[in-house]
Amino acid sequence: QVHVEESGGGLVQAGGSLRLSCAATENIYSVVSMGWHRQAPGKQRELVATITSGGSTNYADSVKGRFTSSLDNVKNTLYLQMNRLKPEDTAVYYCAATLDVGLGVQQRYWGQGTQVTVSS
């Protein structure tokens, strides 16, 4: 059973920082990539950042230069350091883990989400 859990959300003033963590607990499957998505009220879920097990990263244009994602392959833990936060960063942030479940099949698992609120 794969379990993905986020932590570290909260309320912060504009210009401040937060660090999100995401732990993917599994003992069998290999991590292909992990990523952060977010969904603001009334909007579709959007990609924030992804990182592969090899360390390659991809960021949404809206967060480039402000957010940094890193992956601890030993702990299967993903981090998102968010600096210079803006009110428009307010959303529920979801972690997704893409795992190699064997036979060339990859499966994505989602966490429950953590709320990030940036006040102006």
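This is a predicted model: local features need pLDDT of at least 70, side-chain atom pairs count only at pLDDT 80 or more; totals for chains, interfaces and linings use all residues.
Biologist: Why does C95 count as buried?

Modeller: Buried means under 20% relative accessible area, with exposed over 50% and partly exposed in between, using a 1.4 Å probe and protein chains only. C95 comes in at 0% relative accessibility, so buried it is. Residues are numbered from 1 along each chain as its sequence is written, and side-chain values use heavy atoms, leaving out hydrogens and water.

Biologist: How do you know that C22 and C95 are joined by a disulfide?

Modeller: The rule asks for a pair of cysteine sulfur atoms within 2.5 Å. For C22 and C95 the S to S distance is 1.9 Å, and by this rule the count comes to 1 disulfide. C22 sits in strand β3 (residues 18-25) and C95 in strand β9 (residues 91-102), so the link ties together parts that are 73 residues apart in sequence. Those strands are DSSP runs of E, at least two residues long, numbered from the N terminus (helices are H or I, at least four). C22 is buried as well, with a relative accessible area of 0%.

Biologist: What is the handedness of that link between C22 and C95?

Modeller: Left-handed, with -80 degrees about the S-S bond.

Biologist: Which residues have the most contacts inside the largest nonpolar core?

Modeller: M34, W36, L80, M82 and Y93, in a core of 30 residues. β9 gives the most to this core, with 5 residues. The set is called a nonpolar core because it consists of buried Ala, Val, Leu, Ile, Met, Phe, Trp, Tyr and Cys residues joined through side-chain atoms within 4.5 Å.

Biologist: What does M34 touch, not counting residues up to four places away in sequence?

Modeller: Contact means heavy atoms within 4.5 Å. With that in hand, the partners of M34 include C22 and C95, along with I51, L71 and L78.

Biologist: What makes Y93 a buried residue?

Modeller: Its relative accessible area is 0%, so Y93 passes as buried. Y93 lies in strand β9 and touches, among others, L20, W36, F67 and V116. A polar atom of the Y93 side chain also lies 2.7 Å from the backbone oxygen of D89.

Biologist: R66 is an arginine, so is it buried or exposed?

Modeller: Buried, with a relative accessible area of 6%. R66 is found in the loop between β6 (57-59) and β7, and a polar atom of its side chain lies 2.9 Å from the backbone oxygen of R84. Other residues that R66 touches include M82 and D89.

Biologist: How do you know that R19 lies over the face of Y79?

Modeller: A charge sits over a ring if NZ of Lys or CZ of Arg is within 6 Å of the ring centre and within 35 degrees of the ring normal. R19 is at 4.1 Å from the ring centre of Y79. R45 lies over the face of W110 too, at 4.8 Å.

Definitions and conventions:
A polar contact is a pair of N or O atoms within 3.5 Å; within protein, one must be able to donate a hydrogen and the other to accept it, and residues adjacent in sequence count only if both atoms are side-chain atoms.
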